[in-house]
Amino acid sequence: MPAADSSVLDALRWVDLAGVLGNAMLGGVVARAARLDPVGFAVLAIISGLGGGLIRDTLLQAGPPAALLDNAYILTALAGAAIAFLVQVEGGRTWDRAWPWIDAVSLGAWAGAGALKTLDTGLGWLPAVLLGVVTAVGGGMVRDIVLRQVPAVLGSSPLYATCALAASSTLVVCAQLGHPTLGLVLAVVVGAGLTLLARKRRWMLPLS
Amino acid sequence: MPAADSSVLDALRWVDLAGVLGNAMLGGVVARAARLDPVGFAVLAIISGLGGGLIRDTLLQAGPPAALLDNAYILTALAGAAIAFLVQVEGGRTWDRAWPWIDAVSLGAWAGAGALKTLDTGLGWLPAVLLGVVTAVGGGMVRDIVLRQVPAVLGSSPLYATCALAASSTLVVCAQLGHPTLGLVLAVVVGAGLTLLARKRRWMLPLS
Amino acid sequence: MPAADSSVLDALRWVDLAGVLGNAMLGGVVARAARLDPVGFAVLAIISGLGGGLIRDTLLQAGPPAALLDNAYILTALAGAAIAFLVQVEGGRTWDRAWPWIDAVSLGAWAGAGALKTLDTGLGWLPAVLLGVVTAVGGGMVRDIVLRQVPAVLGSSPLYATCALAASSTLVVCAQLGHPTLGLVLAVVVGAGLTLLARKRRWMLPLS
């Protein structure tokens with residue numbers, strides 16, 4: 001399998017960090033709703049922004065998690081916590097407009113990048129698809145559990161993990177065909193597009 | 001220590017996968033009770049069927065978890081989720097008859113296999129006994145936590161972790177005596193037998 | 001970076017094990033409050049006494065967790081569970097006097113030792129500070145989550161994670177200056193001193 005193109009990887013890094021910032025700020029927003037102190041903001045920001053990747057890298061066992069090897073990750077997550085602590089972003093116009101886009105784009109990017117890293121580690125298509133989804137939705141799941149909520153991703157909300165599944169599957173198919181770079185781009189397009197559509201039209205999965 | 005006999009390992013693999021299927025279906029049963037969507041069924045099936053082994057292998061740090069290296073595990077867990085989503089097994093005669101046996105046999109098999117893998121990794125008897133128990137009861141514990149319940153295994157239910165403790169201890173003693181294969185067989189017999197007896201006679205541990 | 005002095009490491013090992021014992025007993029105390037059985041005592045003792053180090057070592061991916069390589073850890077945690085099961089320590093004078101000291105000293109020791117191990121693994125100052133804090137407060141956080149409580153460390157209680165942050169930062173500064181041994185001693189002094197002061201004066205972080 002050829003390696004992904006470096007300029008695309010550079011672009012993806014910015015998308016990745018934007019997702020960390022946005023999700024860390026969301027962690028801060030829920031920390032305020034739960035009346036937590038700055039430690040609570042920081043912990044929920046790290047879990048929300050970095051949790052999915054930490055779980056993926058812990059399972060992959062191919063060295064310490066990416067979030068511990070590059071200080072930009074932890075610093076970005078803490079910046080998100082600080083912003084959310086100092087400014088009440090929730091309910092504001094900027095946040096309400098920007099968040100759905102950050103959420104959707106980072107879901108696609110994280111699902112694609114998680115799946116690609118799994119393939120690069122030498123594992124097969126099925127764990128790649130699975131760990132792509134884990135990268136995208138794992139942090140939010142753990143955040144919900146810490147706050148004593150049944151994870152929203154498990155039911156009763158518009159499609160979300162399903163969009164991550166589509167994104168990571170897209171990456172795996174493209175990578176198997178020899179086009180990992182195209183796969184990363186398409187994973188973002190597919191993941192973000194589906195997430196925005198699902199949110200707008202309130203698509204939900206059927207219950208049994 | 002001699003390696004375990006391959007025909008016993010083959011048999012154990014089927015017992016293992018039957019345990020994954022049964023526990024994944026149980027994950028689906030509790031997903032329906034919590035009114036989750038198909039994503040919730042899949043996540044709880046994976047946690048219930050594969051969670052204990054994932055925790056064990058993450059702690060052992062001897063390469064990626066077995067459940068990620070052999071697609072049969074994830075596919076079996078997802079099959080369990082699908083069956084539980086499509087068919088309301090709970091309350092039915094087949095499930096009510098089969099589940100206690102699957103539960104009991106897989107508890108013994110998982111406890112024994114987890115202990116043996118820990119010994120094979122080069123760790124001592126105490127972590128082997130402990131990780132055998134974790135393999136057997138870890139997935140159910142995490143499933144309970146995700147659903148905001150104090151894990152049933154921690155109290156107020158018939159002996160369960162104690163049966164896993166007996167099974168993993170049996171394996172460790174036999175393996176130290178040079179009979180890992182016999183240990184695996186005896187672990188299943190001891191773990192399953194105790195679990196079935198404890199359930200029938202409602203044996204419980206004393207409170208303090 | 002020079003290695004830490006071995007006599008200080010020996011002393012730290014005893015502080016470490018005293019912290020494991022004390023925190024394991026605390027795990028037993030909350031197990032009784034939750035009316036759990038002996039399995040619940042053992043699980044909460046292991047989580048409380050060993051959880052932070054297990055999370056750190058799992059993230060570091062530099063071999064199996066220390067708690068699995070040296071039987072003294074698991075045995076000490078189980079001893080704490082057994083004592084708490086047999087003797088109702090809570091409310092007694094000895095416990096009420098000793099616990100704040102064990103808690104404070106082990107917080108400083110764990111934060112310092114966790115940060116030093118992270119540096120020794122080759123990671124940078126930021127993950128070292130972070131994993132020092134995780135070592136000190138991670139076990140208590142997981143224990144709270146298992147018992148369906150929002151972790152106390154996230155808010156509405158006197159400074160705690162902040163004291164661990166001061167202790168692990170102290171270690172990192174000293175180690176970078178070439179004095180890891182002094183750093184370990186100062187981490188205990190700073191961490192324990194701040195924790196005791198914060199508890200006495202009920203220092204709390206401001207809410208947003």
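Mentor: Take the boundary between chain C and chain A, where five residue pairs are in polar contact, both residues at pLDDT 80 or more. A polar contact is a pair of N or O atoms within 3.5 Å; within protein, one must be able to donate a hydrogen and the other to accept it, and residues adjacent in sequence count only if both atoms are side-chain atoms. Before going further, note that this is a predicted model, in which local features need pLDDT of at least 70 and side-chain atom pairs count only at pLDDT 80 or more, while totals for chains, interfaces and linings use all residues. Residues are numbered from 1 along each chain as its sequence is written, chains are lettered from A and ligands numbered from 1 in the order in which they are written, and side-chain values use heavy atoms, with hydrogens and water left out.

The number of salt bridges between chain C and chain A is zero, a salt bridge being a side-chain nitrogen of Lys or Arg within 4 Å of a carboxyl oxygen of Asp or Glu. On the side of chain C that touches chain A, the elements giving two or more residues are α2 (38-60), α6 (125-146) and α7 (161-176) of chain C. Helices here are DSSP runs (H or I, at least four residues), as are strands (E, at least two), numbered from the N terminus. α6(C) has the largest share of that side, with seven residues. By kind, the residues on that side of chain C are 18 nonpolar, seven polar and one charged. In this division Ala, Val, Leu, Ile, Met, Phe, Trp, Tyr, Cys and Pro are nonpolar, Asp, Glu, Lys and Arg are charged, and the others, Gly among them, are polar.

Now the extent of this boundary. 26 residues of chain C are in contact with 28 residues of chain A, contact meaning heavy atoms within 4.5 Å. Together chain C and chain A bury about 2,300 Å², and 73% of that is on carbon and sulfur atoms. Buried area is the accessible area (1.4 Å probe) that two parts lose on being put together, summed over both. Q61(C), L154(C) and S208(C) account for 26% of what chain C buries against chain A, more than any other three residues.

The copies use different surfaces, as 15% of the contact residues of chain C recur in chain A.

The boundary of chain A and chain B can be read next to this one. There, 26 residues of chain A are in contact with 28 residues of chain B. These two chains bury about 2,300 Å² between them, with 72% on carbon and sulfur atoms. Of the area that chain A buries against chain B, 26% comes from Q61(A), L154(A) and S208(A), more than from any other three residues. α2 (38-60), α6 (125-146) and α7 (161-176) of chain A each give two or more residues to the side that touches chain B, and α6(A) gives the most, seven residues. That side of chain A consists of 18 nonpolar, seven polar and one charged residue. Chain A is superposed on chain B by a rotation of 120° with 0.0 Å of shift along its axis, at an RMSD of 0.0 Å. Only 15% of the interface residues of chain A are also interface residues in chain B, so the copies meet through different surfaces.

Finally, one residue of chain C. D103(C) sits in helix α5 (residues 93-120) of chain C and is buried, at a relative accessible area of 3%. Buried means under 20% relative accessible area, exposed over 50%, and partly exposed in between (1.4 Å probe, protein chains only). Leaving out residues up to four places away in sequence, D103(C) touches Y160(C) and R199(C). Its side chain makes a polar contact with the side chain of Y160(C), at 2.6 Å.

Terms used. Least-squares fit on C-alpha atoms with pLDDT ≥ 70 in both.
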